[in-house]
Amino acid sequence: MSLRYKRILLKLSGEALNGGDKSQIINPDILESYAKEVAEVVRAGAEVAIVIGGGNIFRGAASKSGIDRSQGDYMGMLATVINGMAIQSALETEGIKTRLLSAIKMEQVAEPFIRRRAIRHLEKGRVVIFGAGTGNPYFSTDSGGALRAIEIGAEILLKGTSVDGVYTDDPRKNPEAVKYETIGFDEVIAKGLKVMDMTAFTLCKENKLPIIVFDMNENGNLLKVVKGEAIGTKVS
Ligand code: UDP
């Protein structure tokens, strides 16, 4: 099968895992559907790395708990490992080989992040899940995704969300909002559009790593994106 992108980094939000239902952390149907989508692209021959957020469990910056920011950020990073373990398990249920690599050492549950090892896993057809973001407070998992994508030489950062691309305005609030098929990094900044946080976005721009924002909840979309079909919005 001809693929447009051979090595990808898929950034998934942690928050999406509960399907908007705050009474649960992980919705098993969503987890299974993500795993099935990823399994499909692995079987098609793509090398897949995943960074998953932790927003369904804990967000350092946004927490109103009175917890110190750095402390809260570390809690957020640990949350991403929990989600990483969940997606690892779901992928294994689909028969996909995986490795979870953590930026914070916790050897009983994850390998430590070693760049060359991550690349080797990908070459062997294993899905590599990067846990604990960048390993540093004051960053986001979008930044972790951008950083790891660059480090492993991914051709594209795929941001799987619940919206199908980048719009002129928030499509949930403004029915007149129009979707961009493609847009330049500079135009995103000039128009003040939101694709990722600025740290993550700048990392992509400076290292010429294109981003595709697409709807991860639409079955088959991930494979279409990897094949090069015009799904979502490509920022380059
Ligand atoms: N975080 C961090 N450094 C990182 C990545 C994540 O401190 O490199 C913390 C931060 O507190 C963040 C939380 O982990 O709020 C969860 O990640 P994020 O908010 O990016 O998750 P998402 O929005 O994708 O669910």
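Reader: Is Gln-88 buried or exposed, and how do I tell?

Author: A residue is buried if 20 or more other C-beta atoms lie within 10 Å of its own, exposed if 12 or fewer, and partly exposed in between, with C-beta atoms placed from the backbone. Gln-88 has 22 such atoms within 10 Å, so Gln-88 is buried. Keep in mind that this is a predicted model, where local features need pLDDT of at least 70, side-chain atom pairs count only at pLDDT 80 or more, and totals for chains, interfaces and linings use all residues. Numbering starts from 1 along each chain as its sequence is written.

Reader: Thanks! Where is Gln-88 found?

Author: In helix α2. Helices (H or I, at least four residues) and strands (E, at least two) are DSSP runs, numbered from the N terminus.

Reader: Which residues does Gln-88 touch, leaving out those up to four places away in sequence?

Author: Contact means that two C-beta atoms, placed from the backbone, lie within 7 Å. Gln-88 touches Thr-98, Leu-100 and Ile-129. Ile-129 is 41 residues from Gln-88 in sequence, yet their C-alpha atoms are 7.4 Å apart in space.

Reader: How many residues surround the ligand?

Author: A residue counts as near a molecule if its C-beta atom, placed from the backbone, lies within 6 Å of it. Here 25 residues surround the ligand, and Gly-53, Gly-55, Gly-60, Gly-76 and Gly-133 are the closest. The largest share, 6 residues, comes from α2.
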